[in-house]
Amino acid sequence: MWRLCPILYAKDQVPPGTGLSRDADRTGAHNRRLHRCDVWRERGVVPGNALVVDPKKPFRKLNAFGNAFLNRFICSQMPNEVLQSISVIDTPGILSGEKQRISRGYDFSEVLRWFGERVDRIILLFDAHKLDISDEFSEAIRAFRGQDDKIRVVLNKADQVDTQQLMRVYGALMWSLGKVINTPEVVRVYLGSFWAKPLQNSDNRRLFEAETQDLFRDIQSLPRKAALRKLNDLIKRARLAKVHAYIISYLKKEMPSLFGKEKKKDELISRLPEIYSILQREHHISPGDFPNVTKMQEQLVNYDFSKFPSLKVKLIESVDKMLANKIAGLMAMIREEESKQPPQLVTGGAFEGSTDGPFGHGYEEGIRAGADDEEWIVNRDKPKYDEIFYTLMPVNGRISGANAKKEMMNSRLPNSVLGKIWKLADCDHDGMLDDEEFALAQHLIKVKLEGFELPAELPAHLVPPSHRKDPTADTLYNHQED
């Protein structure tokens, strides 16, 4: 089963406090709903036909998809803390096999395109056991063309395969996506098991936890970046409007004044790719700013080119001036306003309290290991480290930096990393290491080799016992001085 979840924080086009839900076609296991959920004072459901005539909600343009769509389009309103900040649109299940021949009664891809232009994140859900992309799924993904920066991919139920199979599944998924998403950049894929049931295969538990937290952080940051995304959409629309004006005015200029209009119109439509090239060279426009040629040709058939407006140079100059000068000022104002306000994050539900206490991500792992132990965690392996230490010819219980370097280089870590480890391990900053400092250095090397990050400062629980300050001794010393 494939699912698309164009998701989250639908800007000003959809006001806070509304929810959308859309029933899928009644096709057995593929029955799904398109939900847009947000906080509401009370629970309620609004049918699609009533929703599109509501002047307080900007869904009037959905009338174009007809009753076949609106009869399955439902607005769900429900109280939920998470939905104060984000809204979710859940699509019906994507059809495959023989079911793809069943007509939905409306243009499914166009509906997705309409919503895709108005959401801030699009999540494609894959099952670890079903990676083939059906024809309808391919069309659905193509509907999001131009919105590639919004797309994220989730490989769900990854706990149902072992590590070796997971590598093959991940490779097969990337290969399948590469044929549909035609971009050189690799799309971000999150691996995990996104439900509250026990993991069937816990070998990759740490990986799943890290992937889940990455996805949650990505979703949580959406409200904070909403203003910049709106500005980005404004710039994109301004550039597209400018290019559209050039195309329309060119077609208007090429039309005859009296006879042969239909024949000239057909000629211009067939020559549209050539016209794009002419305008690109003449006005120095990037090829990516032009609308899709095939779709543009289909739309132009329904219009009379002679009634198109002529190019208004002053309006084009105003757009250029806005893009060149005013946008920079708006960005500065947005950053200044954001700096004065607390960061906006999604809270509640799975985003609230899921990493509290000992179940936080990375707790008792890497540099955090031993934080709750009374004994210094390095002592567990210190006898092994001491054997190495005494082979390095210590003088007065210390080894020089040169001797320590030779041993630390055996880890094959870069000098930049070893230099950071030395800085953390040399607690008294005397350029030499005693047995405890050397054991600490070896422990930090082990932490790094296991794939964990090093801290900027040494945590209190890792400070060697002989280098820890005794508060009682400090108090007695200060009292004697007095």
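Guide: We'll take salt bridges, then a strand, a surface patch and a record entry. Keep in mind that this is a predicted model.

Visitor: How many salt bridges in the whole structure?

Guide: The search finds 20.

Visitor: What does Arg-152 pair with?

Guide: Asp-218, with the closest N and O atoms 3.7 Å apart. The pair links distant parts of the chain. Arg-152 is in strand E6 and Asp-218 in helix H6, 66 residues apart.

Visitor: Is Arg-152 buried or exposed?

Guide: Buried, because its relative accessible area is 16%, under the 20% cut-off. Asp-218 is buried too, at 13%.

Visitor: And Asp-373, what's the N to O distance to Arg-380?

Guide: 2.7 Å, in a salt bridge between the side chains. Asp-373 is partly exposed at 33%. Arg-380 counts as exposed at 54%.

Visitor: How far apart in helix H12 are Asp-386 and Lys-382?

Guide: Four residues, so about one helical turn separates them. Their side chains meet in a salt bridge at 3.1 Å, N to O. Both residues are buried.

Visitor: Which residues do shared partners join into one network?

Guide: Arg-188, Glu-211, Asp-214 and Arg-217, through salt bridges.

Visitor: Switching topic. How many residues of strand E4 are buried?

Guide: Five of its five. Phe-73, Cys-75 and Gln-77 point one way, Ile-74 and Ser-76 the other. E4 runs antiparallel to E3, joined by four bridges. Val-45 has Ser-76 as its bridge partner.

Visitor: Which residues form the nonpolar surface patch?

Guide: Leu-234, Leu-330 and Met-333, with about 270 Å² accessible together. Met-333 lies in helix H11 and is exposed, at 55%.

Visitor: What does UniProt list for 413-448?

Guide: "domain: EF-hand", from an unreviewed entry. In the model, that span is 69% helix and 8% strand.

Terms used
Residues numbered from 1 in each chain as written. Predicted model: local features only at pLDDT ≥ 70, side-chain atom pairs only at ≥ 80, totals over all residues. Heavy atoms only, no water. Patch = residues over 30% accessible without salt bridge, like charges linked within 9 Å, V, L, I, M, F, W, Y side chains within 5 Å. Areas by Shrake-Rupley, 256 points an atom, 1.4 Å probe, with all protein chains shown as cover. Salt bridge = Lys/Arg side-chain N within 4 Å of Asp/Glu carboxyl O. Helix = DSSP H or I, 4+ residues; strand = E, 2+ residues; numbered from the N terminus. Buried < 20%, exposed > 50% of the residue type's maximum accessible area, 1.4 Å probe, protein only. Pairing = 2+ DSSP bridges. UniProt positions renumbered as here; feature names shortened; annotations may be inferred.
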